[in-house]
Amino acid sequence: MSADHVPRPLAWAESTSCVQGGRLRFHLAAGDGGAGDGGGPLRGRVVVTDEVTGEVRFKAAVDGSRFDLTVPAGWPSSLYRASFHDERPERPAPECDAEHEVWFVVRAARPGATSATLVSVPFATWRAYHRAGQPGRGLYYAEQPDRAARVTLDAPGGGPPPERWEEPLLRWLPRAGYPVEFCSGFDLHDRPGGARLLAAYRLLVVNGHDEYWSAGMRDNVEEFAHRGGNLAFFAANTSWWQIRLEDGGRTLVCHRDAAADPVTATDPRRATVEWSASPVDRPENAMTGVSFRHGAGAWGDGMAVIGRESYTVRFADHWVFEGTGLADGDAFARGALGYETDAAELDWSAGVPRATGRDGTPRSFAVLATADLRHWRRYGQGGWATMGVHRLGAGTVFNAATINWGRALGDPVVDRITRNVLDRLGGAVPAPRWHTVGRAPGLRALAACEGLLFAVAADGTTLLHRGPGDQNLPWTPCPPDGAAARIRCLTAPREASGPVPLALLAVTDDDRLLVRDPVPDAAPWTPAGRVPPGTAALAVCDGTLFAVTPHDDTLHHRPASGPGTAWRPLGPAAGATALTVLNGRLHALTPAGLATRPPTTEPGTPFGPAAPFPAAVALAALAGRLLAVSPDGLLLSHPAV
């Protein structure tokens, strides 16, 4: 028998991760070539390599059926490979379904001590793909009746598939100057352990191909984001299948069929089907923003196509593109798309793509770039790729929406985007709390009502409107009503109150108060009284109108339902130049930043500082956030808390 046909050693570890200073036990066998007895104890050697840096960390002789590795406290948190060998020469090149290699993560003994960024390694997906197509060995292929529905972690193999989608980004991180800490995806499963681990970090990075998630993993990650943690998915086909961990966490279960899964009858939420499918009905894009349901895939010989495609910029003013020099419509990231991509269901009716939200994508999702990959249906699955950002509770989620992102990091634009995401979401550089949600060229007044944004153009007479949300939607003129009144400022009540209906209110340059239905169609402005001379800011709250006159820095008020009622002064306006209402309080733009006060009509109640705020010329509030027009013509969104 030639050396190439001698069975290789077999090895597996009792965990996919080990803390610095901890001990990891490996089980070994000489290899039996399929005889079933393992071939007896292994006599040979082990080589442990840091797969991120390529540094060999440990070598030793082994002789027996198990080996205990005491991980030195000084080993960095990283991804490691323990390769077990007999007397034959080592094979450094990657092998498909290698079972003499054991991959594992070394976790930080003090989570977050060296980095605020945690990188998860997709061991569940690696195990699912191991021995694909072999009866009873792997979870693939999906429609083969003899594929496994349960695979044990107490068995050799389960390292990365031969494509190693995760490797390029992992190796780029230290070269680019980003210290990070690592965990196994399985470390995120446990409650409360996974939640405690995540709480030590500001950013979780999901990389490459992380397809299989348990409910515990997803619950902990979503809770992390809702509490203010950030997520960066340099990945695709993410969280596609729900899995369960049984037998003390050592068996991975995925029936892929609710009818075949015995848990469906007793706890349908934990059925091992696609996350978006019945009876789970928990679309993964509620967390990730995008889904493989609308994405594209090229498999087999079709994988050659992935080097030809590029993204197209759809929102160049967004912070993700800072420093790239890109403009809307530019192509970038050639070679980053594939072999699977994720996407959101899009509506193009406004001239720019925006997520419909009908498929579970959050309303706050902003489309940053798209790739039309519908022609991929000849290679597997036609669809799109959608890069975007959204909010998840108090956290921010970025998604590159492609498995192959890491292999394009040699592109300066891909490099810059990756740095922007890591720096802002990982806290490496101070980041403003506001972000750009579109253009606002020359706008002199801003208001929100009935789910729309309204603005007055630079000419003072043209009323504009656009949809809400963080997408860079265009402004569309409302039909003119024939009046030539120049508008100085604009406001609207948050909700109807008593006799005060939802309506747009405007102050004209000749100090008249006008009212109009808050509709994008033609509607007349009608008189509603007068305002204090020189009024430059107006707001309505709790049935009361508030006005600011800058020339004497005074805040005035009168009942909103009494057009003939006299205005009364309330005291200094703190230099306010714009006014709005958010969360039942007045908010004002002042020379010192954002200021706020309750909507009381007691004279002498002062404005107090609220929060740092960018320079702005107009202010409004919608859906719990402040919106402002910057002096350079951008529309900004800010949480104001």
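Contact here means heavy atoms within 4.5 Å. The structure is a predicted model.

## Overall picture

The protein has 6 helices and 45 strands. Its C-alpha atoms fill a box of roughly 100 × 50 × 50 Å along the principal axes. Of the 641 residues, 57% count as buried. Among contacts with a separation of 6 or more, 61% are between residues 24 or more positions apart.

## V389 in strand 24

V389 lies in strand 24. Buried means under 20% relative accessible area. V389 has 7% relative accessibility and therefore counts as buried. Apart from neighbours within four places in sequence, V389 is in contact with H318, V320, S364, F365, A366, L368, T396, V397 and F398.

An open sheet of 9 strands runs in the order 11-9-12-14-25-24-22-18-19, and its pairing is mixed. Strand 11 (181-184) and strand 19 (331-332) are the edge strands, each pairing on one side only. Within the sheet, strand 9 (residues 117-121) and strand 12 (residues 203-209) run parallel and are joined by 4 bridges. In this pair, L118 stands opposite L204 of strand 12.

Two helices pack on this sheet. Helix 4 (residues 215-226) touches strand 12, strand 14 (230-236), strand 24 (383-392) and strand 25 (395-399), and its direction makes about 135° with that of strand 14. Helix 6 (residues 412-426) touches strand 9, strand 12, strand 14, strand 19 and strand 25, with an angle of about 150° between its direction and that of strand 14.

## Helix 2 and its surroundings

How do helix 2 and helix 6 cross? The axes of helix 2 (residues 167-175) and helix 6 come within 13 Å and cross at roughly 75°. Angles of 65 to 115 degrees count as roughly perpendicular, so helix 2 is roughly perpendicular to helix 6. At the contact, L169, W172 and L173 of helix 2 meet D415, T418, R419 and L422 of helix 6. The residues of this contact divide into 4 nonpolar, 1 polar and 2 charged.

L169, L170, W172 and L173 are buried in helix 2. These residues lie on the same side of helix 2, because they cover an arc of only 165° around the axis. In an α-helix there are 3.6 residues a turn, so residues three or four places apart point the same way. The cover over the buried residues of helix 2 includes strand 7 (78-85), strand 9, strand 11, strand 12, strand 14 and helix 6. Just after helix 2, G177 takes a positive phi of about 90°.

Strand 32 pairs with strand 31 (residues 487-491) in the antiparallel sense over 4 bridges, and I487 stands opposite T508. Strand 32 also runs antiparallel to strand 33 (residues 512-516), again with 4 bridges. There, R516 of strand 33 is the bridge partner of L504. The hairpin of strand 32 and strand 33 has 3 residues between the strands, and D511 in this hairpin takes a positive phi near 65°.

Strand 35 is joined to strand 36 (residues 544-549) by 5 bridges, and C541 stands opposite T544 of strand 36.

| Strand pair | Sense | Bridges |
|---|---|---|
| strand 9 and strand 12 | parallel | 4 bridges |
| strand 31 and strand 32 | antiparallel | 4 bridges |
| strand 32 and strand 33 | antiparallel | 4 bridges |
| strand 35 and strand 36 | antiparallel | 5 bridges |

Definitions and conventions:
Residues numbered from 1 in each chain as written. Predicted model: local features only at pLDDT ≥ 70, side-chain atom pairs only at ≥ 80, totals over all residues. Heavy atoms only, no water. Pairing = 2+ DSSP bridges. Axes fitted to C-alpha atoms, helices over the stretch in contact; angles between N-to-C directions. Parallel < 35°, antiparallel > 145°, perpendicular 65-115°, else oblique. Nonpolar A, V, L, I, M, F, W, Y, C, P; charged D, E, K, R; others polar. Buried < 20%, exposed > 50% of the residue type's maximum accessible area, 1.4 Å probe, protein only. Arc of directions from axis to C-beta.
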